[in-house]
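Subject: Structure handover

Hi,

Here is the structure I promised to pass on.

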Amino acid sequence: MIGRITRTVDRISTTATEERDFLTVKNLKVAFPTEDGLVQAVDDVSFAVEKGSTLAIVGESGSGKSVTAQAVMGLLDRRTAKVSGEIWLNNVELLGLPSSEMQAMRGDDLAMIFQDPMSSLHPFYRVGDQIVEAMRAHRKVKPKEAKREVVDMFKRVGIPAPERRVDAFPHQLSGGMRQRVMIAMALINSPDLLIADEPTTALDVTVQAQILELIQDLQKDFGTTVIVITHDLGIVADMADEVAVMYGARIVERGPTKTIFETPEMPYTLGLLSSIPRMDVEAGGRLLPIPGNPPSPIRLPKGCVFEPRCRYKAMTNGLSETVRPELLPTAGSPDHLVRCHLMPETRKRIAGEVLASLAEATKA
Amino acid sequence: MLLLLFLLTLVTFFLFNLLPVDPARLTCGKICTPALLEINRHRLGLDLPPLDQYLAYFRGLFVGRTFSADSPQPIVCSAPCLGYSFLRHEQVLSMIARAVPVTFWLALGGFIIWIITGVSAGIYSALHRGKWQDRTIMGIALVGYSLPSFFIGLVLIFFVVLEWGWLPFPQFVPPNQNPLKFLQTMILPWIVIAVLNAAFYVRLTRNQVLETLGEDYVRTARAKGLRERVVVVKHALRAGLTPIVTAAGLDLAYLLGGAIITESIFSLPGMGVLAVQSVVDSDLPVIAGVTLVSATFIIVANLIVDLLYAVVDPRVRVG
């Protein structure tokens, strides 16, 4: 603990420019060399999260969102993954840390909830013991106190009969209970940053809502900063303060949740919004899928990553095929960034048309 | 399990009775007249129908029996009677009782060495997968795996005992009689047994650990901030332990039935040597006895392995 404080002080003195943002990721790149070529899983991703707020990273499978999260957690194997860029947490740069220091922070300052609670708990150990193990990795606790703390945390996350459940094995619990155990495990050391990687994908719909609500409640109580990774826009609307839309290893649009839902500009985001099944559209109405498939991470398009699937690429005069667009603020709202070659007015017009047609479908 | 053992007695008994060797003839001596042969056959109880012979044998296991009851010198074989070797004029049970401790110490020592070296080398190899450390270990394992035990044994004896004279020539003494001599005798056979078996465990452990290292719960363990050693041993290895326990239990049991070549090379009077001798002599009661005892070890080991599953993997526990 003391080591970390002095270290933090060191870093502050060298980087006085770091502002109020609690987590800052700058130009993060992750590549995996394979026999078929270099897999560029994350390409130049930058974002910042304020303390206590929630960032949602949205994107389809293979868009690089999970790898981004694992890079922040320091869970990527340095032997197989080439990672570059900067990740600042609380004024400590994580990528440059020796692995022993990163290990000391993992599970203590930052923690993670994984997608599949079935396979993420060790099948051979009692769930209580697995959580106690997480506590004792970072602080000295007497076994009795540790167990009491786990029971308290189980109560917090809504596990019934916590005194009995701490002695259960994972296979004796339901999927929802196991995810609650995972949440308890992630929060037991009161981390400042919690990364939830598709925390509800493997769960029943009824349980999903409970788990999301739980994460939000706990976030309020603990003041935790949350990054939620998902492909479910419902979760985004529900939880996030800010959204980063990822496509083809890059962030293609970023901004406050309200802005992204109400005035999206990137054609991919528009596509995502039009392809959500909606209760308010009459049955039999067709969804609007995005045509084509995501790009191969081995051969990302030279220009805009979304170009091969974009309906409006003709309007860029071939620019999108050759030149890589930058993630730039939109006119009027510096928080809203878009990576697109279309002219701002064109984007706004297209977005207006798409949203209007969606609204029309709702009425009909 | 008891049924299995019962079937085992049945099979060994009748199998050996089908052999084209006539025990009566073997023990008859050089001058053998048909009359003498007949007397001998009666003395051995071989004139009875096979089923009666088996019943006598089976009863002998539990209540004991008496051979040549109507002769001037009856041979009392008390329960559990595994038979009587007329060739060596000794009870099979006492011959086996003499051989078992030798084999037990041989197997146990070798087992401990090979498990420790095999499993730790396997883990080390898995952690350095693809690097020179891994390749070296796998190379050594392959060589160890393919060398025949008599070769390793003879090479060791030749150099360590004969050429360099570091150790006296092996001669078995029980460990409580002369611990130093015991160790001096056993160290080479232990190494031979360990080299042969460790190679297999290196590969098994390496593969198991590599497989479980990719599991989600190992990632969870890392995300908790556990030290890498804890992640590997407590989480990855533990999860991959089941096949290792299975193989270890059965290998140990198999070894307790006698390591024929190793025992012969180091002239250790264990189960393996006893088995070879009795086969060479066509000493049927001894062969049957050794078979029964060895098979019992394997059956019991199977049971223990099954029980260990429940210790290793809580999902196997019932109720």
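Let me start with a helix in chain A. The buried residues of α2(A) are A:K65, A:S66, A:V67, A:T68, A:A69, A:Q70, A:A71, A:V72 and A:M73. That is nine out of nine, so to speak: the helix counts as mostly covered, with nine of its nine residues buried. Do keep in mind that this is a predicted model.

What does α2(A) lie across? The helix, residues 65-73, sits across β3 (54-58), β6, β7 (193-197), β8 (225-230) and β9 (242-247) of chain A, and its direction is at about 150 degrees to β7(A). Just past the end of α2(A) comes A:G74, which has a positive phi of about 70 degrees.

Those strands belong to a sheet in chain A. Eight strands make up this open sheet, in the order β6-β7-β8-β3-β9-β10-β12-β11, and the pairing is mixed. The edges are taken by β6 and β11 (328-330) of chain A; each has a single partner strand, so one side of each has no neighbour in the sheet. From one strand to the next, the twist averages 25 degrees. At the β11 end, β11(A) pairs with β12(A) (residues 333-338) in the antiparallel sense, over three bridges.

Within it, β1(A) (residues 23-34) and β4(A) (residues 82-89) pair antiparallel over seven bridges. A:V30 stands opposite A:V83 of β4(A).

Now for where the chains meet. How many residues does each chain give to the contact? Chain A puts in 23 residues and chain B 17 residues. On the chain A side, the elements giving two or more residues are α3 (99-105), β6 (110-113), α4 (117-120) and α5 (127-136) of chain A. By class, the chain A side has twelve nonpolar, seven polar and four charged residues.

Take α11(B) (residues 241-256) and α14(B) (residues 284-312): their axes come within 9 Å and cross at roughly 160 degrees. The two are therefore roughly antiparallel to each other, and the crossing is right-handed. Residues making the contact include B:L241, B:V245, B:G249 and B:L252 of α11(B), and B:F297, B:A301, B:I304 and B:L308 of α14(B). The class count for this contact is 15 nonpolar, three polar and no charged residues.

The other pair is α1(B) (residues 2-18) with α4(B) (residues 50-63), whose axes come within 11 Å and cross at roughly 135 degrees. That makes α1(B) oblique to α4(B). This crossing is right-handed too. B:T9, B:F13 and B:N17 of α1(B) meet B:P50, B:Y54, B:Y57, B:F58 and B:L61 of α4(B), which comes to six nonpolar, two polar and no charged residues.

Cheers

Technical notes: Residues numbered from 1 in each chain as written. Chains lettered and ligands numbered in written order. Predicted model: local features only at pLDDT ≥ 70, side-chain atom pairs only at ≥ 80, totals over all residues. Axes fitted to C-alpha atoms, helices over the stretch in contact; angles between N-to-C directions. Helix = DSSP H or I, 4+ residues; strand = E, 2+ residues; numbered from the N terminus. Parallel < 35°, antiparallel > 145°, perpendicular 65-115°, else oblique. Left-handed = near helix turned anticlockwise from the far one by under 90°. Contact = placed C-beta atoms within 7 Å. Nonpolar A, V, L, I, M, F, W, Y, C, P; charged D, E, K, R; others polar. Pairing = 2+ DSSP bridges. Buried ≥ 20, exposed ≤ 12 C-beta atoms within 10 Å, placed from the backbone.
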